[in-house]
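Have the chain open in your viewer. We will walk through it one site at a time.

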Amino acid sequence: MIFLPTYGVGRVPPPPHLLSACTGVNERTFLAIKPDGVQRHLIGEIIRRFEKKGFKLVGMKLMQASEDLLKEHYIALRDCPFYSHLVEYMRSGPIVAMVWQGLDVVKTAYAMIGETNPADSRPGTIQGDFCIEVSK
């Protein structure tokens with residue numbers, strides 16, 4: 001898996017001049033390119049897709065996430081059998097942490113990323129085009 005949307009993050013009250021009269025709201029979401037995406041040199045391609053869609057990159061950091069930070073980030077998954085493997089994998093290399101902003105960016109990001117299982121992801125999605133296996 002290359003990308004992950006954050007749980008519970010997204011809707012930020014927008015200034016009135018940024019609201020659309022037609023649909024949706026201007027919002028922000030956190031996305032990260034996981035260690036295998038960084039290792040496979042996919043950073044530019046993934047950023048390009050979001051920029052081409054019209055979203056604004058408002059924050060980005062290449063970082064080695066600490067175990068404490070990852071445990072806090074994935075707190076909702078702590079009872080899942082893959083939790084410790086996920087934290088270990090995310091510590092295996094640098095990640096690119098990003099905040100994207102735009103009209104309906106949360107919903108659109110899910111559609112652009114695709115299904116977690118690459119077998120279920122459509123071509124043209126990030127998972128469909130780049131995912132090797134469920135965990136990478």
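Proline 35 sits in helix α1, which spans residues 35-39. Helices here are DSSP runs of H or I with at least four residues, strands are runs of E with at least two, and both are numbered from the N terminus. This is a predicted model: local features need pLDDT of at least 70, side-chain atom pairs count only at pLDDT 80 or more, and totals for chains, interfaces and linings use all residues. Residues are numbered from 1 along each chain as its sequence is written, and side-chain values use heavy atoms, leaving out hydrogens and water.

Is proline 35 buried or exposed? Its relative accessible area is 8%, so proline 35 is buried (buried is under 20%, exposed over 50%, partly exposed in between, with a 1.4 Å probe and protein chains only). Setting aside residues up to four places away in sequence, proline 35 touches Tyr89, Met90, Ser92, Gly93, Pro94 and Ile95; contact means heavy atoms within 4.5 Å. Tyrosine 89 is 54 residues from proline 35 in sequence, yet their C-alpha atoms are 7.8 Å apart.

Now go to strand β2, residues 26-33, and find glutamate 27. Glutamate 27 counts as buried because its relative accessibility is 2%. Its side chain reaches the backbone nitrogen of valine 106 at 3.0 Å.

Next comes helix α5, residues 105-113. Its buried residues are Val105, Thr108, Ala109, Met112 and Ile113. Seen down the axis of α5, they fall within an arc of 130 degrees, so they line one face of the helix. The arc is taken from the directions from the helix axis to the C-beta atoms. An α-helix has 3.6 residues a turn, so residues three or four places apart point the same way. The face turned away from the buried side of α5 carries exposed Lys107 and Ala111. Just after α5, glycine 114 takes a positive phi of about 95 degrees.

Terms used: Polar contact = N/O pair within 3.5 Å; in protein donor to acceptor, adjacent residues only side chain to side chain.
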